[in-house]
Amino acid sequence: MQINNSKNMGYRDREFADLCLNNTYFKSYFVQKTYKNSTVILSQGTSIEHFGIVIDGVLKAEKCTQKGSELCCTYFENNDVFPELLYFTGERIYTYSLIAVKKTKVVWIPVNIFEKMLSENIELTTSFMFYISKRALKSQLLLNCLNYSTIRQRIACWILSMNDINQSDIISLPGSQTIWANTLHVSRSSLNQELRHMKEKGYFDIKDNNLILLDLEALEMIL
């Protein structure tokens, strides 16, 4: 079968979560659950039997170190899918615990149904591949931010990275300032203070849960 590449490029602009959740043929297999704040949804070592899609709220992937301290691996926010990287790299158990950071709604899809959906729908498969690539790129860019020593540099790097990924001067902010601070490995109070200073200098504006980029070149100069 010959694939129309120009048409498939359009799939990239469609959220995988929306395409998946609106699949009327398989929708009867989906189960939606709501979890309260701080609920441990799945413990480390649990078998992977379902894929999850966050439709509202935030989940945190957390590991316990050998010394007993808790280490945050990543966050899953609206439209994020999990545990895609674990499952498709051969893992069949959770290598982290999954915790609701706040009240969170998740749609669960059995792994056999999820795989069947991908195998039978090229649009869904293409969208899923783009989602995985975009998430992997985002993770790599966030790691690059930690190479900078000052909070201002890390904020600038984060904004520029999100601008590159989304190709937009309007950037959706993380679910909370605590999540943002943890992502950049800085304290919440320090992040808040630096954001206020940078906003006053005209680098960006913040409205609701969006950051509006105002001076790209000035942010690039910080790095």
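Modeller: Gladly! Of the 223 residues in the protein chain, 40% count as buried. Please keep in mind that this is a predicted model. The chain has nine helices and 11 strands, and it exposes about 12700 Å², with carbon and sulfur atoms supplying 48% of that area.

Biologist: What makes Glu194 buried?

Modeller: Buried means under 20% relative accessible area. Glu194 has 15%, so Glu194 is buried. This residue is found in helix α8, residues 188-200. Leaving aside neighbours within four places in sequence, Glu194 is in contact with Ile151, Arg152 and Ile155.

Biologist: Why is Asn79 called partly exposed?

Modeller: The class in between runs from the buried limit of 20% to the exposed limit of 50%. Asn79 has 23% relative accessibility, so Asn79 counts as partly exposed. Asn79 sits in the loop between β5 (70-76) and β6. Its phi is positive, about 75°, although Asn79 is not a glycine.

Biologist: And how do you know that Asp208 counts as exposed?

Modeller: Exposed means over 50%. Asp208 has 79% relative accessibility, so Asp208 counts as exposed. Asp208 lies in the loop between β10 (204-207) and β11 (210-213). Asp208 also has a positive phi, near 55°, in a residue other than glycine.

Biologist: Let us turn to the backbone. Which peptide bond is cis, with omega near -10°?

Modeller: That is the bond from Phe82 to Pro83. Pro83 lies in the loop between β6 (81-82) and α3 (84-88).

Biologist: Now the helices. Why are α4 and α5 called roughly perpendicular to each other?

Modeller: Angles of 65 to 115 degrees count as roughly perpendicular. The axes of α4 (residues 111-120) and α5 (residues 122-145) cross at roughly 110° and come within 5 Å. The angle falls in that range, and therefore α4 and α5 are roughly perpendicular. On the α4 side the contact is made by Phe114, Met117, Leu118, Ser119 and Glu120, and on the α5 side by Ile122, Leu124, Thr125 and Phe128. Sorted by class, this contact has six nonpolar, two polar and one charged residues.

Biologist: What makes α7 roughly perpendicular to α8?

Modeller: Helix α7 (residues 177-184) and α8 pack at an angle of about 100°, with their axes 9 Å apart. That angle is within the range, so α7 is roughly perpendicular to α8. From α7, the contact is made by Gln177, Thr178, Trp180, Ala181 and Leu184; from α8, by Arg188, Leu191, Asn192 and Leu195. By class, the contact has five nonpolar, three polar and one charged residues.

Biologist: What makes β9 and β10 edge strands?

Modeller: Three strands form an open antiparallel sheet in the order β9-β11-β10. β9 (170-172) and β10 each pair on one side only, and these are the edge strands. From one strand to the next, the twist averages 25°. The bridge test works here as well: at least two are needed, and four bridges join β10 to β11, so β10 and β11 pair. Asp205 stands opposite Ile212 in β11. Helix α6 (residues 151-166) packs on this sheet, touching β9, β10 and β11, and the direction of α6 makes about 105° with that of β9.

Notes. Residues are numbered from 1 along each chain as its sequence is written. This is a predicted model: local features need pLDDT of at least 70, side-chain atom pairs count only at pLDDT 80 or more; totals for chains, interfaces and linings use all residues. Side-chain values use heavy atoms; hydrogens and water are left out. Helices (H or I, at least four residues) and strands (E, at least two) are DSSP runs, numbered from the N terminus. Buried means under 20% relative accessible area, exposed over 50%, partly exposed in between (1.4 Å probe, protein chains only). Accessible areas come from the Shrake-Rupley method with a 1.4 Å probe; for residues, only the protein chains shown count as cover. Axes are lines fitted to C-alpha atoms, for helices over the stretch in contact, and angles run from 0 to 180 degrees between N-to-C directions. Angles under 35 degrees count as roughly parallel, over 145 as roughly antiparallel, 65 to 115 as roughly perpendicular and the rest as oblique. Contact means heavy atoms within 4.5 Å. Ala, Val, Leu, Ile, Met, Phe, Trp, Tyr, Cys and Pro count as nonpolar, Asp, Glu, Lys and Arg as charged, and the others, Gly among them, as polar.
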